[in-house]
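Here is a short report on selected features of one model.

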Amino acid sequence: MFQGDDGAQFQCSVVVERLNSSGQATKRQVIRKAAVLLGRNEFQEIILRVHDGKVPQSYTLKEFQLFTRFVKDGKCTVKLLPENIQVLISDCPPHLLNIFLKTLSIKHQAWQTSKPVTDREKLKACLPRSFETISPLQQKDVQKANELRSKVNAPVLSRGLVVRTGNKMTGGEQVKRPRTDCDSSPLKALHPSKKPSLSLPTARKLNKEQAAVLSAVLSGKNVFFTGSAGTGKSFLLKRIVGSLPPKSTYATASTGVAACHIGGTTLHNFAGIGSGSAPLEQCIELAQRPGVLQHWTSCRHLIIDEISMVEAQFFDKLEAIARSLRRSTEPFGGIQLIVCGDFLQLPPVSKGKDKATFCFQSRSWRKCIHLNMELTEVRRQTDQSFISLLQAVRVGRVTEEFTAKLMKSAYHKIERDGILATRLCTHKDDVELTNDNKLQQLPGSVRVFEAVDSDPALVKTIDSQSPVSRLLQLKVGAQVMLTKNLDVQRGLVNGARGVVVDFQPGKLGLPRVRFLCGTTEALKPERWMFKAGGGLYLSRQQLPLKLAWAISIHKSQGMTLDCVEISLARVFERGQAYVALSRAKSLEGLRVMDFDPHVVRADPDVLHFYSKLRKERLLLQASMNEFVGKSNKENRW
Ligand SMILES: Nc1ncnc2c1ncn2[C@@H]1O[C@H](COP(=O)(O)OP(=O)(O)OP(=O)(O)O)[C@@H](O)[C@H]1O
Ligand SMILES: [Mg+2]
């Protein structure tokens with residue numbers, strides 16, 4: 001597959017426009033399947049090459065503008081200033097586009113420190129024309145760029161690059177994309193007032209196993225990858241989403257919270273067949289409604305997180321619908337499936353008395369999944385003895401030693417700096433009651449923050465996918481949790497716990513929150529985007545906070561939590577105790593109130609499934625050789 005992983009080349013759609021003096025396009029060339037390459041010519045100038053499969057077109061990048069606002073959607077524009085030409089790039093894997101833009105920006109800045117070659121000198125040199133793919137970013141490029149940045153103190157850099165977040169190419173796009181942790185637009189890296197110096201991205205690399213899964217996915221295989229809680233499945237899924245072409249990739253999860261973690265939508269929303277309980281013919285009709293049909297026809301890569309909560313019958317229905325609507329006899333209508341989750345966590349919600357069946361028990365599972373892979377390196381916790389304890393809980397085998405440890409945890413003092421432990425509840429009603437009561441008991445007046453929704457009529461759809469509520473009530477002393485990654489380096493991550501210390505003066509009265517990581521931060525509203533039917537985007541703007549005296553275990557699935565208190569007395573589901581306990585980052589940050597080893601149960605069907613996969617050698621440790629070679633390169637980042 002042609003697709004560089006070093007930011008020098010990728011496949012996408014390209015439109016090249018020649019503009020007149022008033023900025024209107026006088027000539028337009030559309031290349032649906034283009035290869036874009038970044039290289040150097042015989043004079044070491046940076047060249048952007050666009051290949052339509054027949055004739056390559058080359059543009060020298062000396063003076064240009066970059067429009068980068070929609071990088072997360074795989075779009076950007078390079079405008080060549082003297083030539084008045086713009087190259088509009090779309091449907092590019094966002095992760096690659098990010099690297100491409102960073103490479104271009106830094107290499108261009110580094111190039112500016114070299115002596116320019118005049119046209120006269122070029123003529124005299126009589127060098128044969130050449131094109132060489134640009135080398136991957138290195139520390140020396142960054143150093144050179146930084147040298148220049150220390151001399152120049154304006155966003156317009158000496159010989160030619162301007163970065164804009166405004167986007168010329170997205171006329172129809174109404175909404176701004178929200179900032180996320182994976183949003184590393186070069187603008188931010190370049191803007192001297194915001195970031196003093198550039199650096200090579202070092203943190204948050206994929207580990208070997210994760211990189212092997214990514215390689216398998218990029219090779220086009222239908223992959224199921226599993227692994228215990230905290231092995232970085234969702235982390236990897238985000239990278240996978242960023243490495244596939246956005247137009248044909250749908251990121252989904254069985255729950256709204258999990259979908260939000262990976263910047264996607266719920267599987268039910270994607271499918272458009274309601275609960276899926278109607279007969280197949282009716283479901284097919286539902287899936288043909290305008291807005292929904294387009295999901296099914298344009299999708300080439302379907303990502304599903306938290307697969308453990310997807311019911312077998314629902315999965316079979318989706319498989320049949322895909323074949324029918326895509327008029328294909330291939331499994332899932334030929335859509336590449338990238339499915340992930342841990343079947344030893346929460347099972348599908350059972351309807352009535354019958355035990356719900358797992359997805360792997362569906363008729364179509366085996367024919368749909370080509371490759372089963374496993375992540376084994378736990379990233380959420382670092383303490384090996386706690387990891388071993390959790391592994392034992394996962395398979396329902398709690399030894400006396402582990403029982404003693406968990407019972408002792410009831411005396412853990414985990415409150416710090418006025419930040420109390422979050423209570424994980426088995427039942428939803430307890431959550432609301434606890435949070436409401438605790439807020440009421442606090443002295444002082446309540447501040448209410450109302451969300452701004454893009455479409456107030458669709459508040460229910462937004463509610464089902466949003467990690468923040470429409471109305472947020474706060475008081476000084478309120479226990480809160482961050483619902484978005486704001487600054488990973490500073491510990492301001494999704495799930496970080498804090499307490500409201502005061503409200504800023506002024507009309508908005510924004511809250512200041514002291515977090516466990518030691519930072520006190522004034523929070524301002526953030527925007528979340530949700531894909532609704534028909535390619536429509538919905539958005540909610542709200543403070544990235546929720547009350548955190550209590551949350552439900554179901555809502556906590558997928559989360560990493562700082563300090564938790566758990567009452568397991570009313571556990572009613574297999575896997576529920578494991579999900580609750582495995583949210584904690586450390587045993588010290590955990591308090592189990594009334595531990596009873598009997599509440600720890602693993603589903604025998606799941607244990608059998610996993611052991612069968614292992615026996616048949618179907619569950620491959622992700623670090624298998626076949627996929628490691630390619631992935632090491634990718635892992636450079
Ligand atoms: N390669 C990595 N580099 C840095 N941090 C990582 C990496 N992989 C995972 N993490 C971190 O480890 C934690 C757990 O990851 P993640 O939530 O993706 O695990 P998970 O397997 O999806 O867990 P769960 O089954 O509970 O949903 C997160 O804080 C995540 O940011
Ligand atoms: Mg997860």
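In which sense do strand 13 and strand 14 pair, and over how many bridges? The pairing is parallel, and four bridges make it up. Keep in mind that this is a predicted model.

**Strand 14 and its partners**

Strand 13 covers residues 301-305. Within this pair, I304 stands opposite V339 of strand 14. Strand 10 (residues 223-227) also pairs with strand 14 in the parallel sense, over three bridges. Here V223 stands opposite I338.

Strand 14 itself spans residues 336-340 and is mostly covered. Five of its five residues are buried. Q336, I338 and C340 point one way, while L337 and V339 point the other way. Both sets are buried.

Five strands build an open sheet in the order 23-22-21-20-26, with antiparallel pairing. Strand 23 (520-522) and strand 26 (545-547) stand at the edges. Each has a single partner strand, so one side of each lacks a neighbour in the sheet. From one strand to the next, the twist averages 40 degrees.

Inside this sheet, strand 21 (residues 497-503) and strand 22 (residues 511-515) run antiparallel and are joined by five bridges. V500 stands opposite V513 of strand 22. In general, strands of a sheet pair through backbone hydrogen bonds, either parallel or antiparallel.

**A helix pair**

Helix 13 (residues 384-394) packs against helix 14 (residues 400-408) at an angle of about 110 degrees. Their axes are 10 Å apart. Angles of 65 to 115 degrees count as roughly perpendicular, so helix 13 and helix 14 are roughly perpendicular to each other.

Which residues meet in this contact? Helix 13 brings S385, S388, L389 and A392. Helix 14 brings F402, K405 and L406. By class, the contact has four nonpolar, two polar and one charged residues.

**Cysteines**

How many disulfides does a search of the whole structure find? The count is zero. A disulfide needs two cysteine sulfur atoms within 2.5 Å.

Definitions and conventions: Residues numbered from 1 in each chain as written. Chains lettered and ligands numbered in written order. Predicted model: local features only at pLDDT ≥ 70, side-chain atom pairs only at ≥ 80, totals over all residues. Heavy atoms only, no water. Axes fitted to C-alpha atoms, helices over the stretch in contact; angles between N-to-C directions. Helix = DSSP H or I, 4+ residues; strand = E, 2+ residues; numbered from the N terminus. Parallel < 35°, antiparallel > 145°, perpendicular 65-115°, else oblique. Contact = heavy atoms within 4.5 Å. Nonpolar A, V, L, I, M, F, W, Y, C, P; charged D, E, K, R; others polar. Buried < 20%, exposed > 50% of the residue type's maximum accessible area, 1.4 Å probe, protein only. Pairing = 2+ DSSP bridges.
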